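Student: Could you walk me through some strand pairing in this one? I'd like to ask questions as we go.

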Amino acid sequence: MLTKEQLEVIRQRTLERIQMRKEDENQAVRVVVGMATCGIAAGARPIMRAFMDECNLRNLTHVQITQTGCVGMCRYEPMADVIFPGKDPVTYVQLTPEKVRRIVAEHVVNGQPVKEFTIGAVLNNQ
Amino acid sequence: MEIYRSHVLVCGGTGCTSSGSSKIIETMEQMLVEKELEREIKVIRTGCFGLCEAGPIVIVYPEGTFYSHVKVEDVGEIVEEHLLKGRIVRRLVYKGALTDESAQVPLKDIPFYQHQHRIALRNCGVIDPENIDEAIATDAYQALAKCVTEMTPEEVIEVISQSGLRGRGGGGFSTGIKWKFAASSKSDKKYVICNADEGDPGAFMDRSILEGDPHTVLEAMAICGYCIGSDEGYVYVRAEYPIAVERLEKAISQARAYGLLGDNILGTDFSFNIHVRLGAGAFVCGEETALMASIEGHRGEPKPRPPFPAVRGLFDKPTNINNVETYANIPPIILNGVDWFRSLGTEKSSGTKVFALGGKINNTGLVEVEMGTPLRTVIYDIGGGIPKGKQLKAVQTGGPSGGCIPVDLLDVPIEYDSLIELGSMMGSGGMIVMDEDNCMVDIARFFLDFTVEESCGKCTPCRIGTRRMLEILDRIVEGKGKEDDIEKLERLARVIKETSLCGLGQTAPNPVLSTLHYFRDEYEAHIYDRTCPAHHCRSLTKLQITDDCRGCTACARVCPVDAISGEVRQKHVIDMDKCTKCYSCIEKCRFDAIIKV
């Protein structure tokens with residue numbers, strides 16, 4: 001039998017899971033993975049998977065993971081944007097599942113972009 | 001519950017289910033497995049979204065994309081394009097949900113939802129009704145917890161009284177006062193009943209609440225039990241609502257498993273159990289005394305009151321009985337307070353009301369608006385107006401017990417008292433829209449035909465009186481009306497209203513009286529001029545071929561009784577003695593040259 005406290009635990013836990021359906025209160029961090037034909041060919045599916053696994057592992061319920069089409073820089077795929085509410089998107093390019101794990105740990109969780117994986121850093125190095 | 005990147009909500013209400021939403025869910029789940037997306041995307045069957053006209057409805061979160069009229073064949077495209085590649089399938093998006101620049105409009109800003117305020121329907125189309133955790137996440141059982149641990153029964157009743165909540169089943173009696181009566185009756189056993197015997201033709205709000213958010217009803221019944229000192233409740237729901245019954249039973253067993261129903265709820269001394277009883281679909285069983293007779297296993301026949309159910313009700317014990325929508329308002333009132341609820345609606349009718357929009361209207365469906373909203377807002381802003389550019393003539397509210405509101409009274413605010421002043425009533429909230437092609441005499445005849453069928457026969461005025469009225473109406477629409485028929489109808493109506501035993505008979509003449517009040521000229525035209533102004537009644541309608549006729553002979557060839565004659569390229573004529581008014585010629589004519597007169 002539930003107590004009032006246990007009821008509150010279920011409420012909080014499930015609320016986080018269904019947060020995305022409440023449009024008014026969306027303060028989510030968004031991860032947008034390029035999933036056009038070019039992105040998928042370059043391996044965007046494992047990248048999407050890696051973002052999801054990592055968020056599940058860390059129980060990051062406030063993160064929205066969505067996809068987008070081709071942004072025109074097909075040779076830098078797989079790409080993904082990390083967008084904090086009210087801030088400019090940070091674009092990561094040529095991703096691997098290992099890079100994703102660092103991005104989630106450092107950027108999504110701690111708010112520090114992983115500069116060396118961003119599009120700016122990659123372009124400067126060429 | 002794992003984290004998914006996307007939730008796909010598919011409407012599982014009765015409307016969308018009948019247009020194939022179960023098959024959509026099945027197909028989508030299968031395709032997600034094929035594409036290895038089943039761990040990323042979750043498909044959820046919800047309750048009714050209200051916009052039944054646009055069903056089956058599929059909403060994809062987090063984007064909030066609103067797909068309408070989805071077919072099983074479209075599922076592949078949604079999975080392949082949207083769920084896999086993130087490209088919205090524009091051709092399937094509801095027409096109001098994309099701006100010209102193809103940006104998405106949030107659900108709440110679509111005209112259909114913009115003017116609504118959803119309290120009773122707050123979780124319909126938001127949660128999975130078969131998952132108690134999702135209900136709890138949207139505050140289910142929080143109000144019950146607050147009541148049983150922090151408030152006395154008297155305090156709870158005071159909150160309900162102060163809120164001004166009135167019975168949503170039609171009567172409009174104060175819920176707080178009703179509870180107070182039941183609480184003050186002394187007895188070793190008391191009962192709580194939920195009246196889900198929704199019988200008005202065209203009304204389906206109770207069904208949608210039970211299908212979309214069953215826990216709110218269970219919670220409110222338990223709160224009522226706590227207030228009046230009862231440990232047992234019954235939901236009386238019609239067997240024609242299989243999805244509602246199934247979800248209700250699932251919800252009860254889930255709540256029992258969590259100890260939110262049963263003995264010592266939340267560790268307190270309060271115990272409460274709920275049973276489901278299925279009704280066989282008799283309209284009279286929506287009347288509270290007939291309903292209780294039916295639960296007891298007797299014929300569904302009403303009894304004279306007093307004694308009222310609060311004194312002697314089910315199994316002769318004090319009983320409180322409320323309608324589904326009334327119960328659905330209780331938990332939000334407890335949680336948000338009296339001031340919040342009173343800030344909605346009008347002074348004498350606080351809160352909101354759910355209406356089922358039907359008839360000649362573009363957005364057929366379920367809407368919830370603040371009390372006091374003008375009918376015009378409901379019909380035009382939410383309902384999207386009248387199809388095919390026709391003129392609105394009247395709106396029928398309150399089903400077979402209500403009346404018609406003519407188009408010139410469209411700006412009257414909708415609330416209990418204003419509708420009664422207009423000679424109609426709130427009823428359970430059915431709203432049938434009629435355009436210029438509807439004959440008001442025939443509408444009255446239709447509703448009376450329903451009550452004649454549904455009269456239980458126990459009292460004479462209702463059993464015989466309504467049948468006599470129907471006979472008169474039958475002959476009027478057949479063009480055989482007599483000089484004093486209107487006066488006869490009025491006299492019968494008055495006697496039936498004054499002498500019938502229960503609400504069914506007392507309100508049965510309302511559709512006739514209100515149409516006589518606002519559309520007396522149509523009755524007179526039928527009786528004295530032998531014409532039907534709306535050209536609806538076939539016995540009074542004649543067909544005529546106008547000068548637009550090109551003599552193409554299409555009408556003559558389609559006529560099953562050879563009533564049309566004429567030379568090729570010459571104007572044709574119809575022999576009305578032969579014509580059976582099947583109207584096939586009108587449908588066939590490409591020049592709109594055949595008119596009803």
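**Strands and their partners**

Tutor: In this predicted model, strand E9 (residues 352–359) of chain B runs parallel to E13(B), and 4 bridges join the two. Within that pairing, B:Ala356 has B:Gly430 of E13(B) as its bridge partner.

Student: And how does strand E11 of chain B pair with E13(B), parallel or antiparallel?

Tutor: Strand E11 (residues 392–397) of chain B pairs with E13(B) in the antiparallel sense, over 5 bridges, and there the bridge partner of B:Ala394 is B:Met434.

Student: Why is strand E13 of chain B described as largely enclosed?

Tutor: Strand E13 (residues 430–435) of chain B has 5 of its 6 residues buried, that is, under 20% relative accessible area, so the strand is largely enclosed by the rest of the structure.

Student: Switching topic, what is the strand order in the open sheet of 4 strands in chain B?

Tutor: The order is E7-E6-E5-E8, with parallel pairing. Strand E7 (273–279) and strand E8 (319–323) of chain B are the edge strands, each pairing on one side only, and neighbouring strands of this sheet are turned against each other by 20° on average, direction ignored.

Student: How many bridges join E6 of chain B to E7(B)?

Tutor: Strand E6 (residues 232–238) of chain B is joined to E7(B) by 7 bridges, the two running parallel, and B:Val235 has B:Val276 in E7(B) as its bridge partner.

Student: Which strands does helix H10 of chain B lie across?

Tutor: Helix H10 (residues 214–228) of chain B lies across strand E5 (191–196), E6, E7 and E8 of chain B, and runs at about 150° to E5(B).

Conventions
Residues are numbered from 1 along each chain as its sequence is written. Chains are lettered from A and ligands numbered from 1 in the order in which they are written. This is a predicted model: local features need pLDDT of at least 70, side-chain atom pairs count only at pLDDT 80 or more; totals for chains, interfaces and linings use all residues. Side-chain values use heavy atoms; hydrogens and water are left out. Two strands pair if DSSP finds at least two bridges between them. Axes are lines fitted to C-alpha atoms, for helices over the stretch in contact, and angles run from 0 to 180 degrees between N-to-C directions. Contact means heavy atoms within 4.5 Å. Buried means under 20% relative accessible area, exposed over 50%, partly exposed in between (1.4 Å probe, protein chains only).
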